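Subject: Structure handover

Hello,

Please find below the structure we discussed, with notes on what turned up when I went through it. Please read the notes with the model open.

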Amino acid sequence: MTDREHLLTLPHGATLEGVVAGLEGRFRVESAEERELGSCFLDTFDVRLRERGLVLVWRGGELRLTTSEGELLGRAPCSRAPAFATDLPAGPLRETLEPVVDVRRLLPQVALDVRSRELRVLDERDKTVVRVTLESAARQGAGAGASANGALPPLVRVRGVRGYDDALDDVLRVLADERRLRPLETDELRHVCAALGEELREAAPKASVHLHPLQPAHDAARSLHRALLGVLALNEAGTRDALDTEFLHDYRVALRRVRSLLAQLPGVFPPAAVERFRAEFKWLGSVTGPARDADVLQLELPRYAQLLPDEARRDLAPLEALVESDRRRAYAELVAAMDSQRYRDLYDAWRTFLGSPAPVGANASAPNGLRPIRAVASERIASAARKVLKRGRRIDERTPAEPLHDLRIQCKKLRYLLDLFSSLYDEEDLAALVKALKRLQDCLGALNDAAVQQDTLREAAERLAAAGEAPPATLLAIGRVAAHVEQRRRAERESFAERFARFDTKKTRNRLDRLLPGGYRERRPS
Amino acid sequence: MKAYALYNIKGGVGKTSSAVNLAYVSASLGHRTLLWDLDPQGAATFTCRVRPELVGGVRVLLDDDAHLASNVRGSDHEGLDVLPADFSQRELEQRLGARSRPTERLARIARRLAPGYDRLIFDCAPGINLVGENVFRAADALLVPTVPTPLSLRTLAQLLKLLRGRPGAPLVLPFFCMVDRRKALHRDVCSYARAHSLGFLDAEIPYSSTVERMGIRRDPVGASAPSSAAARSYRLLWDEVEARSAGVPIAGAPGAASSPRRSGLRDLLEAMRTGRVPEEPR
């Protein structure tokens, strides 16, 4: 039996007092004092909860997770609206939420001031058999005498008690037939937003644009860049405020794609423009890099702590403090960069460039610009795929780190091309190709992460020691963590050969051939 | 799902009030909680204002009946449900004895209920019998409310002796209940137990008229008097029970997840047998 909450609205002109009177006339009712409480609906920036049909509300010191139909999935006492899943008390609600929300912040969608009165319908033993809550709410801060846009129509919540289904049916029937209450037609959040004239936050669309194979390359490229610019704009505010680590991460992914696209489609835009924008975007990459590095390290720290025996965990405290101060400084510099004239100029110039059609006579400096995009993209994908295979095949157990690093970069280039131009190719083949490539990338990525982390740890240890903030126990703890990371690096390195072999298969090569008109192999002049 | 049983061979020690109060704390923390009243007296059921009736009679507890679930009633508090007692449960002992696998029946039913709940709390009848054996199998931990008197400790020792070395025996977590610190005997027994590491939980439930009045108010103390000393001590008790049953070591306690040390109790029993009053530890 599910503990479903029925949400009912009043007919025009009816009052909550009328509802109370109606119930009191029919049932034994106990009424509690009216309470004032705050409530807000929470979700991540990318509306992960709503995408899964979940609604999270914090009200009156309690957090409730329901389905959009009102079925209760979990509740927990919570004195403040939580920011992160880790702010929740341990328990079933946190366990359900943590995998969904991950590191993203829970942002309030809309916050309300609520006046609420609870009525209990009782049986002959004074047992509560139905709970009815009467609410009037307004947008938080709207205050008394709120304009029409600030106040919500009154709401009645009815919750049954397990094992007393008849009583629930009776109450619902009385409310429907005698008081003419009607159930909400949508979920509560949608209802609240509609009533307040608020727009419901939607998930960002994916940045891959639907392209036509015969679209001129410069036009297709502009479409893609406009979509990517949209992603940058969407994540900018959250990045500045460092609401959670994913804003900057998504910002930088989009930025990398912009840069990759500019670099990998030569001859589509005039070279002078390309050179100029590449340089500026490179600058943007460099001012956002340190903040991301600090975020990544900070996310890793709890995992590092787990590697150590319980009594040694506290020894990492100086490292944690160092990382936090680095993070703050890096974000301050990032914000300063985003506030700068150079940043504004870049955006303005880029937007202008993307909005303008190709100048007449551009053919000479941008010979690929008017060619069909599918032809251009296919050439580039083929070239990138050949490079991945060639470089990967040259790597054996003795190969040092550098060629693996190059391969990682090359895989990224291929991946970005496949992602951005996915609309031009067969869905199934492309998906399979990307899946195989992703496995290879995961290995190379993990290898790189481990190498970077070792460098970071060593550097941090040096800095702490130089500043006199590293007691031996801390250095020892950092050393232990570095040893674990090294172990992981070795394991990943050893698995490379197998991972690459799984990519460099006949199947993959056949897919590439099928996917691209003319296949992927180099055309030799006959 | 975790199952705790409020169990003591002795009656009148605070099993029911503890069961109801702990179940309330559990639910208030967000755990879906079921309070199962196994005592035919039905005091827990009465305190929760539920009718002491099992539709289908005691048979639903024996035969893994499909009607079992429909007997569960929500309490007045969100997250807390009650499986009510029925006076016919006085026959449970006899009927269990007539069935196959007589000690495993309740555990089977608990498993059926498990998917819907995070915590199951048994309120057991006093005595030591086949129903008790069922509870030993079904529960992860026995919470033994103990009034701080020598005879209570003696009865506890009997329980421990019974469970000693049994494979799959539940964790035994005794706690002092109805403690009246004005009484020298209570103070002495409490400190004796602590000094000899008899394994009692740190949290103590004081003698409380708030708790006594639960039969009149018919509400857990956490709801009717949330800032009372009784309510606070039940919250602390719950935290400690959860930590101990998860194997988390508590500062000062003798190791993790261990049942009371028998040597301390053995000394006590020896002292009682020879007529000597238990001495204060040096």
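Two residues are in contact when they have heavy atoms within 4.5 Å. On that basis, take the contacts in chain B between residues at least 6 apart in sequence: 79% of them join residues at least 24 apart. Keep in mind throughout that this is a predicted model.

Chain B overall

Chain B contains 13 helices and seven strands. It has 282 residues, of which 55% count as buried. Its accessible surface is about 11,800 Å², and carbon and sulfur atoms account for 51% of that.

The sheet of chain B

Seven strands of chain B make an open sheet with mixed pairing, in the order β3-β4-β2-β5-β1-β6-β7. The edges are held by β3 (73-74) and β7 (171-176) of chain B; each has a single partner strand, so one side of each is left without a neighbour in the sheet.

B:Arg73 has B:Val82 in β4(B) as its bridge partner. Helix α1 (residues 15-28) of chain B packs on the sheet and touches β1 (2-6), β2, β4, β5, β6 (141-146) and β7 of chain B. The direction of this helix makes about 170° with that of β5(B). Helix α7 (residues 150-163) of chain B also packs on the sheet, where it touches β6 and β7 of chain B, and its direction makes about 165° with that of β6(B).

With β2(B), β4(B) pairs in the parallel sense over four bridges, and B:Leu34 has B:Asp81 in β4(B) as its bridge partner. Which way do the side chains of β4(B) point? B:Leu80 and B:Val82 point one way, B:Asp81 and B:Leu83 the other way, and all are buried.

Aromatic rings and charges over them

Over all chains, a search of the whole structure gives 13 aromatic pairs. One of them is B:Trp36 with B:Phe122: the ring centres are 5.2 Å apart and the planes are at 35°, so the pair is tilted. This pair links distant parts of the chain, since B:Trp36 is in strand β2 (residues 33-37) of chain B and B:Phe122 in strand β5 (residues 119-123) of chain B, 86 residues apart. B:Trp36 counts as buried because its relative accessibility is 0%, where the cut-off is under 20%. B:Phe122 is likewise buried, with a relative accessible area of 0%.

In chain A, one aromatic cluster is formed by A:Phe269, A:Phe277, A:Phe281, A:Trp350 and A:Phe353. A:Arg104 lies over the face of A:Phe247, at 4.6 Å from the ring centre. Another such arrangement involves both chains: the charged end of B:Arg73 sits over the ring of A:Tyr164, 5.7 Å from its centre. B:Arg73 is the residue whose bridge partner in β4(B) is B:Val82.

Two buried residues in chain A

A:Tyr425 is in the loop between α12 (401-420) and α13 (427-466) of chain A and is buried, at a relative accessible area of 7%. Beyond its neighbours within four places in sequence, A:Tyr425 is in contact with A:Arg374, A:Ala377, A:Ser378, A:Ile381, A:Leu430, A:Leu515, A:Leu516 and A:Pro517. A:Leu515 is 90 residues from A:Tyr425 along the chain, yet their C-alpha atoms are separated by 6.4 Å.

A:Thr133 belongs to strand β8 (residues 128-139) of chain A and is buried, with a relative accessible area of 11%. Not counting residues up to four places away in sequence, A:Thr133 touches A:Ser116, A:Arg117, A:Glu118, A:Leu155, A:Val156 and A:Arg157.

A:Arg180 has a positive phi near 60° and is not a glycine; it lies in the loop between α4 (165-178) and β10 (182-183) of chain A. B:Arg49, also not a glycine, has a positive phi of about 65°. B:Arg49 is in the loop between α2 (43-47) and α3 (59-62) of chain B, and at 16% relative accessibility it counts as buried.

Regards

Methods
Residues are numbered from 1 along each chain as its sequence is written. Chains are lettered from A and ligands numbered from 1 in the order in which they are written. This is a predicted model: local features need pLDDT of at least 70, side-chain atom pairs count only at pLDDT 80 or more; totals for chains, interfaces and linings use all residues. Side-chain values use heavy atoms; hydrogens and water are left out. Rings of Phe, Tyr and Trp (its six-membered ring) pair if their centres lie within 6.5 Å; planes under 30 degrees apart count as stacked, over 60 as edge-to-face and the rest as tilted. Buried means under 20% relative accessible area, exposed over 50%, partly exposed in between (1.4 Å probe, protein chains only). A charge sits over a ring if NZ of Lys or CZ of Arg is within 6 Å of the ring centre and within 35 degrees of the ring normal. Two strands pair if DSSP finds at least two bridges between them. Axes are lines fitted to C-alpha atoms, for helices over the stretch in contact, and angles run from 0 to 180 degrees between N-to-C directions. Accessible areas come from the Shrake-Rupley method with a 1.4 Å probe; for residues, only the protein chains shown count as cover.
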